[in-house]
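Hi,

Here is the structure I promised to send over.

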Amino acid sequence: MANGWLATQYEKHVLPTLLDFACGMKPLRMQREKVVPKAHGKVLEIGIGTGLNMRFYDSKKVKSVLGLDPAMQMHRLARRRIQQAGLDVQLLGLSASSIPLDDHSIDTIVMTYTLCSIEDPVPALREMRRVLKPEGKLLFCEHGIAPDAKVASLQNRLQPVWGKLAGGCHLNRDIPALLNEAGFKTEQLEASYVPGPKVFTFNYWGQAYSEQ
């Protein structure tokens with residue numbers, strides 16, 4: 001029982017602050033800045049977390065933002081950043097596995113450092129594809145499996161422990177392969193290490209659209 005209580009306290013009170021700090025570091029801020037300002041119209045942000053993307057939205061282009069995240073403990077920090085951004089934002093404590101929106105109702109989906117922690121990523125991506133308009137775009141930046149065999153091997157070895165410490169984060173997901181499996185076609189796809197330990201920092205970013 002003590003271990004269960006400690007785990008709950010860690011997830012509620014410690015993990016949000018740790019993730020906010022880690023995901024807000026300069027290399028990741030620079031990655032967000034590459035993709036988030038491209039959002040326009042009615043936006044769905046998957047895994048809004050603590051609201052780190054709020055500062056990068058262009059209020060002249062964005063009509064509204066619907067932020068999904070089942071981790072309700074993150075919303076306190078997100079609300080503060082939403083107020084500062086001055087955007088029309090609605091928070092929903094739901095996962096991407098069942099998005100409460102009509103088909104083809106979203107202009108832009110934004111997903112930054114989120115796919116790593118979705119338990120079943122392909123069905124969630126298919127849900128995103130369902131709600132995205134035919135001409136809409138999925139903007140993403142994610143970390144994932146490295147191309148170097150030694151780094152990838154270390155990612156695989158660390159994963160069982162890392163996932164428990166980091167809220168279910170996966171170090172070793174093949175982001176382009178997951179997008180492709182869900183029916184997205186990537187364009188302007190870029191990939192490289194960002195500053196930091198290689199095991200954590202191989203990034204994929206760009207945009208994707210739904211293959212009709």
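Below is what turned up, going from the overall fold to single residues.

First, the ground rules. This is a predicted model, so local features need pLDDT of at least 70 and side-chain atom pairs count only at pLDDT 80 or more, while totals for chains, interfaces and linings use all residues. Residues are numbered from 1 along each chain as its sequence is written, and side-chain values use heavy atoms, with hydrogens and water left out.

**Overall fold**

The chain has seven helices and seven strands, in the order α-α-β-β-α-β-β-α-β-α-α-β-α-β along the sequence. These are DSSP runs, numbered from the N terminus: H or I with at least four residues for helices, E with at least two for strands. With a radius of gyration of 16 Å, close to the 17 Å that the globule rule gives for 212 residues, the chain is as compact as a globular protein of that length. (That radius is taken over C-alpha atoms, and the rule is 2.2 Å times the number of residues to the power 0.38.) The C-alpha trace spans about 45 × 35 × 30 Å along its principal axes.

Of the 212 residues, 48% count as buried; buried means under 20% relative accessible area, exposed over 50%, and partly exposed in between, with a 1.4 Å probe and protein chains only. If you look at contacts (heavy atoms within 4.5 Å) with a separation of 6 or more, 69% of them come from residues 24 or more positions apart. The chain exposes about 10,900 Å², of which carbon and sulfur atoms supply 55%; areas come from the Shrake-Rupley method with a 1.4 Å probe, and for residues only the protein chains shown count as cover.

**Salt bridges**

The whole structure holds four salt bridges, each being a side-chain nitrogen of Lys or Arg within 4 Å of a carboxyl oxygen of Asp or Glu. Take R130 and D103: their closest N and O atoms are 2.6 Å apart. That pair links distant parts of the chain, with R130 in helix α4 (residues 121-131) and D103 in the loop between β3 (89-92) and β4 (106-112), 27 residues apart. Both ends are partly exposed, R130 at 24% relative accessible area and D103 at 46%.

R130 also meets E127 in a salt bridge, 2.7 Å from N to O. Those two sit in helix α4, three residues apart, about one turn of the helix, and E127 is buried at 14%. Put together, D103, E127 and R130 make a network of salt bridges.

Another salt bridge joins E187 and K137, at 2.7 Å. E187 is in strand β6 (residues 184-193) and K137 in strand β5 (residues 132-143), so this one ties together parts that are 50 residues apart in sequence. E187 is partly exposed at 24%, and K137 is partly exposed at 24% as well.

**Cysteines and backbone**

How many disulfides are there? The count is zero, taking a disulfide as a pair of cysteine sulfur atoms within 2.5 Å. The sulfur of C116 has its closest cysteine sulfur in C169, 3.7 Å away, which is too far for a bond. C116 is buried at 5%, and C141 is buried at 0%.

H104 has a phi of about 50°; it lies in the loop between β3 and β4 and is partly exposed at 42%. Q188, in strand β6, has a phi near 55°.

Cheers
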